[in-house]
Amino acid sequence: MWKQLEELLRSKNITRYKLSKLTGIRQTTLQSYKDGAEPSFKNMIKIADALDISLDYFRKRDD
């Protein structure tokens with residue numbers, strides 16, 4: 001999931017800091033996702049809404 005999110009952030013020119021501000025999700029929580037923690041469904045909705053994407057975007061597997 002994190003690889004997809006990083007790619008999307010790069011393409012939209014959004015930093016993790018800005019994502020944190022847009023979603024209300026702490027930067028430490030976003031870092032834990034990068035480190036392998038699974039985000040809650042609630043936080044996935046916040047991220048998808050902030051980035052104006054469907055939750056289906058994250059259904060793709062990291063290969």
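This is a predicted model: local features need pLDDT of at least 70, side-chain atom pairs count only at pLDDT 80 or more; totals for chains, interfaces and linings use all residues.

**A walk through the helices**

Residues are numbered from 1 along each chain as its sequence is written, and side-chain values use heavy atoms, with hydrogens and water left out. The helices are DSSP runs (H or I, at least four residues; strands are E runs of at least two), numbered from the N terminus.

Now step back into H1 and look at who is hiding. Trp 2, Gln 4, Leu 5, Leu 8 and Leu 9 are buried there. Buried means under 20% relative accessible area, exposed means over 50%, and partly exposed is in between, using a 1.4 Å probe and protein chains only. Viewed down the helix axis, the buried residues of H1 fall within an arc of 160 degrees, so they line one face of the helix. That arc is taken from the directions pointing from the helix axis to the C-beta atoms. Why can a helix have a face at all? An α-helix has 3.6 residues a turn, so residues three or four places apart point the same way.

What do the buried residues of H1 pack against? They pack against helix H2 (16-23), H3 and H4, where contact means heavy atoms within 4.5 Å. On the face turned away from the buried side, H1 carries the exposed residues Lys 3, Arg 10 and Ser 11.

The term means a side-chain nitrogen of Lys or Arg within 4 Å of a carboxyl oxygen of Asp or Glu. Here the side chains of Glu 6 and Lys 34 meet, at 3.9 Å from N to O. Glu 6 lies in H1 (residues 2-11) and Lys 34 in H3 (residues 27-34), so the pair ties together parts that are 28 residues apart in sequence. Glu 6 is partly exposed, at 24% relative accessible area, and Lys 34 is partly exposed too, at 37%.

Next, go to H2 and find Thr 23. With 9% relative accessibility, Thr 23 counts as buried. Its side chain reaches the backbone oxygen of Leu 19 at 2.8 Å. That's a polar contact: a pair of N or O atoms within 3.5 Å, where within protein one must be able to donate a hydrogen and the other to accept it, and residues adjacent in sequence count only if both atoms are side-chain atoms. Leaving aside neighbours within four places in sequence, Thr 23 is in contact with Lys 46, Ile 47 and Ala 50.

Carry on to Ser 40, which sits in the loop between H3 and helix H4 (41-51). Ser 40 counts as partly exposed, at 35% relative accessibility. A polar atom of its side chain lies 3.1 Å from the backbone nitrogen of Asn 43. Asn 43 is in H4 and, at 14% relative accessibility, counts as buried. Apart from neighbours within four places in sequence, Asn 43 is in contact with Ile 25, Thr 29 and Tyr 33.
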